[in-house]
Amino acid sequence: MDRTFDRSSLGTFLRTRRAALQPEDVGLRRGQRRRAPGLRREEVAELCTMSADYFARLERGDGPQPSEQMLAAIARGLRLTPDERDHLFLLGGYRTAHRDLRLHHVSPGLMRVMDGLADTTAQVMGPLGETLLQTPSAVALLGEQTRYTGNSRSATYRWFTDPAERERYDPEDHDDNSRTNVALLRAAVTRNGPNSPAADLADVLRRVSDEFARLWERHEVGLRWSETKRFVHAQVGRLDLYCQLLLEPDQGQSLLVFTATPGTESHQKLALLTVLGTDRFTTDAE
């Protein structure tokens, strides 16, 4: 165990953050019989996707040292700011504040927006196309994308290295999607410099993907994703969806919201995916 792990201070910090968080802050109903000054332990545990007993042990100061992944889940669940998140990691015994982990911490503002989109198909993306958070409906549409590690966290990397990534999109759109992926990564490299994570990702893709290397040499810039996306889903078939984008400029994160025109077949199919995603989420939670 890391000797810098401060059980007592971690427990106190978690209790104060839980007490400061109100049900309305995370999209929950207050109810009439609420005695706790903030959220209940069970509510926070559900937000952090962990057991209430484990969270209670951390608060009491007699739990094991949490992993970095667990602390990241707690930071999201408690809607911590980036500074609060760094403090949490230091209390947990991780003395080095990793910049890449900080960038992948979903901002409290986007978390509040996501709380109101529980029944919507939406997800938060990082600066290199890393999926940081998904609603159940987004998981039903696109699969569980937060499970990836390493370079595979990037949707751009998976697009050029994993054939399964393309199966969810209409084949007629594959070429345009490839060109747009490359153009957006080139813009990120230009913006962030030759020693940036974007440049590292581009170097890797040039080595492992002939298609990427060929498109990279075209030096295309200014390409953007279309507002309309055509998906091919294994269960419900073809869906024509609109994709709205909300940017968080301070952290380079974006919120994607997928919708369909009311009354269309795609709208009915998207509603079905929302039900399927919610049912799966409820089953997994149990």
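The structure is a predicted model: local features need pLDDT of at least 70, side-chain atom pairs count only at pLDDT 80 or more, and totals for chains, interfaces and linings use all residues. Residues are numbered from 1 along each chain as its sequence is written, and side-chain values use heavy atoms, leaving out hydrogens and water.

**The whole chain**

- The protein chain holds 13 helices and 5 strands. Helices (H or I, at least four residues) and strands (E, at least two) are DSSP runs, numbered from the N terminus.
- Of its 286 residues, 45% count as buried. Buried means under 20% relative accessible area, exposed over 50%, and partly exposed in between (1.4 Å probe, protein chains only).
- Take the contacts between residues at least 6 apart in sequence: 55% of them join residues at least 24 apart. Contact means heavy atoms within 4.5 Å.

**The sheet**

- Strands of a sheet pair through backbone hydrogen bonds, either parallel or antiparallel.
- Here, 5 strands form an open sheet in the order E2-E1-E5-E4-E3, and the pairing is antiparallel. Two strands pair if DSSP finds at least two bridges between them.
- Strand E2 (131-134) and E3 stand at the edges with a single partner strand each, so one side of each has no neighbour in the sheet.
- On average, neighbouring strands of this sheet are turned by 30° against each other, direction ignored. Axes are lines fitted to C-alpha atoms, for helices over the stretch in contact, and angles run from 0 to 180 degrees between N-to-C directions.
- E3 (residues 228-233) and E4 (residues 237-248) pair over 6 bridges, in the antiparallel sense. A hairpin of 3 residues joins E3 to E4.
- Two residues show how this pair lines up: Phe231 stands opposite Leu239 in E4, and His233 stands opposite Gly237 in E4.
- E4 also pairs with E5 (residues 253-259), antiparallel, over 7 bridges. Leu246 has Leu255 in E5 as its bridge partner.

**Helix H4 and Ala75**

- H4 spans residues 68-77, and its buried residues include Leu71, Ala73, Ile74, Ala75 and Gly77.
- These buried residues of H4 pack against helix H1 (7-20), helix H2 (41-47), helix H3 (52-60) and helix H5 (82-91).
- Ala75 lies in H4. Its relative accessible area is 0%, so Ala75 is buried.
- Leaving out residues up to four places away in sequence, Ala75 touches Leu80, Arg85, Leu88 and His105.
- Ala75 and Asp86 are 11 residues apart along the chain, and their C-alpha atoms are separated by 9.2 Å.
- After H4 comes Arg79, with a positive phi near 55°.

**Arg186**

- Arg186 sits in helix H10 (residues 174-192).
- Arg186 is buried but has no salt bridge. A salt bridge is a side-chain nitrogen of Lys or Arg within 4 Å of a carboxyl oxygen of Asp or Glu.
- Lys and Arg count as positive, Asp and Glu as negative; His and the chain ends are not counted.
- Leaving out residues up to four places away in sequence, Arg186 touches Trp216, His219, Glu220 and Val221.
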